[in-house]
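Subject: The structure you asked about

Hi,

Have a look first, then read my notes below.

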Amino acid sequence: MPNLTTHFCNATFNNPLMNASGVHCMTIEEINQLAGSAAGSFVTKSATKAARIGNPEPRYINLSLGSINSMGLPNNGLSYYLEDAINRQKNAPDKAFILSVASYEGYHEYVENMKVIEESEYTGLVELNLSCPNVPGKPQMAYDFADTKRLLTDICAFYKKPFGVKLPPYFDLLHFDKMAEILNQFPIKFINSINSIGNGLYIDPKTDTVVIKPKAGFGGIGGEYVKPTALANVRAFYTRLRSDIEIIGTGGILSGQDAYEHLLCGATMLQIGTQLEKEGLTVFTRIQTELLKIMAEKGYQTIDEFRGKLKEIN
Ligand code: YRO
């Protein structure tokens, strides 16, 4: 029987599956449920300096092929997640997890939030969500290459703990080249690809109406819709980043086969957003069972035997 043991950022996990940030990780109660589930690890909701209520509802809708959301970063504030993270680290030092950090006020809040973490007792993994507002008139941080480089330069000048970046999808090979070239200049430990595909629009055919209230119905797309884009981003960065930068594959994981494909592209950890929202915590046992079956059929004992080994046509 194969096993799913995974090594990521100097920690060991029973399996590579996690929630994707935003799903089932807003409160300590939800985080406790993830920590007690069959998931190998978990990530917290992206935290801003101040707590936020987020956008008016409806702001998340499940669709037959995925989901659309414009949550507007509802969260309990950085100190809430940071204090909880410090407690977890003390009580269960062997159970590594990821603290997600965002910004709502723009560039300087990113820097300030990372300063707060650097000066805290927390020594675990941090994921910097680069899909946040930069300054008015500019796109989200990760779509502004010069400002991403400046931000990472500013943060790495003082931040000495292990961290990685959550990336939006890119759709142009030159953008993969450019972002990888920037990321390779910094001591980041991992990337997480992909965040939702931004600003999609879903229309209810019966009512000719959008399905979420914020932003005139525009929202981030997740689920089955995004798998090819997610796989392309994982593969593109796997083939371009320094070999010591590990990859979290997120996007369109509904089955063991989807998980297997992300691993083939080079992912080490795997995050599940929309399907966790739809199915609940039992998604983790189901996908583990399905992945183990595929590995057994192909004769693999461990994930390391096939990670990154996607074949091309000669
Ligand atoms: O609306 C959200 O809180 C949200 N939804 C996503 O699919 N991805 C995200 O990164 C976030 C938080 C960041 C932002 C989109 C509100 C700027």
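Helices (H or I, at least four residues) and strands (E, at least two) are themselves DSSP runs, numbered from the N terminus. Keep in mind that this is a predicted model, where local features need pLDDT of at least 70 and side-chain atom pairs count only at pLDDT 80 or more, while totals for chains, interfaces and linings use all residues. Residues are numbered from 1 along each chain as its sequence is written, and side-chain values use heavy atoms, with hydrogens and water left out.

**The four-stranded sheet**

Let's start with an open sheet of four strands, in the order β4-β5-β13-β10, where the pairing is antiparallel. At its edges sit β4 (60-63) and β10 (197-201), each of which pairs on one side only. On average, neighbouring strands here are turned by 35 degrees against each other, direction ignored. (Axes are lines fitted to C-alpha atoms, for helices over the stretch in contact, and angles run from 0 to 180 degrees between N-to-C directions.) If you zoom in on β4 and strand β5 (residues 66-69), you'll find four bridges joining them, and they run antiparallel.

**The seven-stranded sheet**

There is also an open sheet of seven strands, in the order β3-β15-β14-β9-β8-β7-β6, and this one has parallel pairing. Its edge strands are β3 (17-19) and β6 (98-101), each pairing on one side only. From one strand to the next, the twist averages 25 degrees.

Now walk across it. β6 pairs with β7 in the parallel sense over four bridges, and Ile98 has Leu125 as its bridge partner in β7. How many residues of strand β7 (residues 125-129) are buried? Five of its five residues are, so to speak, tucked away: the strand is mostly covered. (Buried means under 20% relative accessible area, exposed over 50%, partly exposed in between, with a 1.4 Å probe and protein chains only.) Leu125, Glu127 and Asn129 point one way from β7, while Val126 and Leu128 point the other way, and all are buried.

Further along, strand β8 (residues 163-167) and β9 pair in the parallel sense over four bridges, and the partner of Lys166 in β9 is Asn192. Strand β9 (residues 190-193) is covered on both faces, with Phe190 and Asn192 buried on one side and Ile191 and Ser193 buried on the other.

Then come strand β14 (residues 246-250) and strand β15 (residues 269-272), which run parallel and are joined by three bridges. There, Gly249 has Leu270 as its bridge partner in β15.

**Two pairs of helices**

Two packed helices are described by the angle between their axes and the distance between the axes. Helix α3 (residues 107-118) and helix α4 (residues 145-156) pack at an angle of about 25 degrees, with their axes 10 Å apart. That makes α3 roughly parallel to α4. (Angles under 35 degrees count as roughly parallel, over 145 as roughly antiparallel, 65 to 115 as roughly perpendicular and the rest as oblique.) The contact (heavy atoms within 4.5 Å) involves Tyr107, Tyr110, Val111 and Met114 of α3, and Asp147, Arg150, Leu151, Asp154 and Ile155 of α4.

Helix α6 (residues 227-238) and helix α7 (residues 256-265) also pack at about 25 degrees, with their axes 8 Å apart. α6 and α7 are therefore roughly parallel to each other. On the α6 side, the contact is made by Lys227, Ala230, Leu231, Val234, Arg235 and Tyr238, and on the α7 side by Asp258, Glu261, His262, Leu264 and Cys265.

Why is α7 largely enclosed by the rest of the structure? Because nine of its ten residues are buried. Among them are Gly256, Ala259, Tyr260 and Leu263. What covers the buried residues of α7 includes α6, β14, β15 and α9 (283-298).

**One last residue**

Helix α9 holds Lys293. Is Lys293 buried or exposed? At 56% relative accessibility, Lys293 counts as exposed. From Gly266, Lys293 is 27 residues away in sequence and 20 Å away in space, C-alpha to C-alpha.

Happy exploring!

Note on methods. Two strands pair if DSSP finds at least two bridges between them.
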